[in-house]
Amino acid sequence: MITKTFSATLDGIQGALVQIEAVSLNSIPQIQITGLPGEVVKESRERVRACLVYLGFDVPTEKILVHLSPANIKKMGSHYDLPIALSVLAAEGRLSGNCLSDYGFIGEVALDGHLRAVRGALPLIEILIQQPHIKKVIIPKDNEAEGALLENPKILVAKTIGEVLESIRNEKTLPHCLVPPTIQRAVTYKHLDQVIGQNLAKRALQIAIAGKHHLLFVGPPGVGKSMLSAAALSLLPEMTHEEFIEVLKIYSASSIELDSLIKTRKRPYRSPHHSISANGLLGGGSGILTPGEVSLSHHGVLFLDEFPEYRRDAIEGLREPLQSGVLHLTRVGKFLSLPARFTLIAAMNPCPCGLFSQIENRCRCTPEKKAQYRKKLSTPILDRMALMVQLTPTDLGKTYCEEKLTHEVIKESIQKATEIQRKRFDKEESIKSNGAVEAPQAMEGFYLDQKTENWMKTQQQQYRLSFRRVNQVIKVARTIADLEGDDQILISHLNEAWSLRCFDFYQLH
Ligand SMILES: [Zn+2]
């Protein structure tokens, strides 16, 4: 008799259903797995056999063929142990009839029968509970926190394979998932007020986070670029439940910092060193696809210090996610897309020695060296930076009132501007912030009245602005208006948006 049950596989960060069939054949006793199993799945034969023997089952007594379908997707990971073990028992006649066909299982089995946590549990569980024919999804107790977030009564947790068997035989009721309590992370955040002056940069940071616009800080060492960027972590607005689940799926597939994320529900803040590879920054790897820093920063901030020092292929690879919030990757002939809607905060010195200043210039770099340094950032990359601010050691902040730029005031204004955008983009599928808008002219809330439009047209002609730059100024102006609580974009908003991106990067000398 052929037995049937279900598990799932990771396709990028999405789950895909896998059917597991098993049949006993009159041949030399062994367990054989077919259906493109990866190395870890092949090893499952030995783990499962050893575990079942430890539990007192003398298996296999015949050849048991376990087939994983669809056969054209490579199956990776240890989470097939549990469904394979149960399928072997059912094929051997140790479990009655078709009792497994209503179930979905994930879990690695230890040799003593304990169930261990698996990587990518959240997307795997999600796809299983979405199947109407699957009535119960059994997961390891150690993955309970992820299961709990999906709030579905089909999900049950077990500590051992013995408990799973008792449940299938109706001898025991398995518990549902318990939601873990949210805790405040006991770390001290960098505070914006620790940076003296630099009001222009603080204002740019406020606008960047509020509207999710990409920002570049240019300035000599020690002016506060890194401290300002680090303060971004505590200025980030709260995540919605949908955003949280999206972020969690990425971390679940990567198996990093998951517990801390579940408990704190803080937006991601990632700051990889400039020695990172293009794969590390963008994602990749052979076999199981590993999300890169751009995806780990989804719905949060990616801070790249010493921006021109990153590898050229890594920087250029940012073009697509900076523009569209998605990263497309091809792996083993397969096309995958990963979410990467982050806000980039990049920082750099004005020249290789870092001492160039328009006020007190102690720079000794040759013009060629300076030009070479700045050319490391291509025009398409710079074009995607909606805000570009030059920091100087003596910025006393003449552009904006000091009292409006305290940490608490900025934090509150960002939260309010975020709420306004949530309402504005309520019915939009992929756009949830001003920064993500592709064509502001066609978007409600971005209209300019005649006078304002004329002003913008004059600027466009005077400075020969590209279409992309005009759109960027309008989008940033929309965020400034949201921070001020204004419904309409005014000339003053456009003017400030323009002033925060007008310095010419290549003309810095
Ligand atoms: Zn220099």
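Reply: Two residues are in contact if their C-beta atoms, placed from the backbone, lie within 7 Å. This is a predicted model, where local features need pLDDT of at least 70, side-chain atom pairs count only at pLDDT 80 or more, and totals for chains, interfaces and linings use all residues. Residues are numbered from 1 along each chain as its sequence is written.

Me: Which residues of α6 meet α16?

Reply: Helices (H or I, at least four residues) and strands (E, at least two) are DSSP runs, numbered from the N terminus. Here Q206, I209, A210 and G211 of α6 meet I410, S413, I414, A417 and T418 of α16.

Me: And how do α6 and α16 cross?

Reply: Look at the axes (lines fitted to C-alpha atoms, for helices over the stretch in contact; angles run from 0 to 180 degrees between N-to-C directions). Those of α6 (residues 199–211) and α16 (residues 407–424) come within 9 Å and cross at roughly 30°. That makes the two helices roughly parallel (the cut-off is under 35 degrees).

Me: Now the sheet: in what order do the five strands lie?

Reply: Strands pair if DSSP finds at least two bridges between them. The open sheet runs β11-β14-β17-β10-β18, with parallel pairing. At its edges sit β11 (269–270) and β18, each pairing on one side only.

Me: Which strands does β10 pair with?

Reply: Strand β10 (residues 215–218) is joined to β18 by four bridges, and L215 has L387 as its bridge partner there. Four bridges also link β10 to β17 (residues 343–348), where F217 partners A347. Helix α7 (residues 225–235) packs on the sheet, touching β10, β11, β14 (301–304) and β17. The direction of α7 makes about 165° with that of β17.

Technical notes. Parallel < 35°, antiparallel > 145°, perpendicular 65-115°, else oblique.
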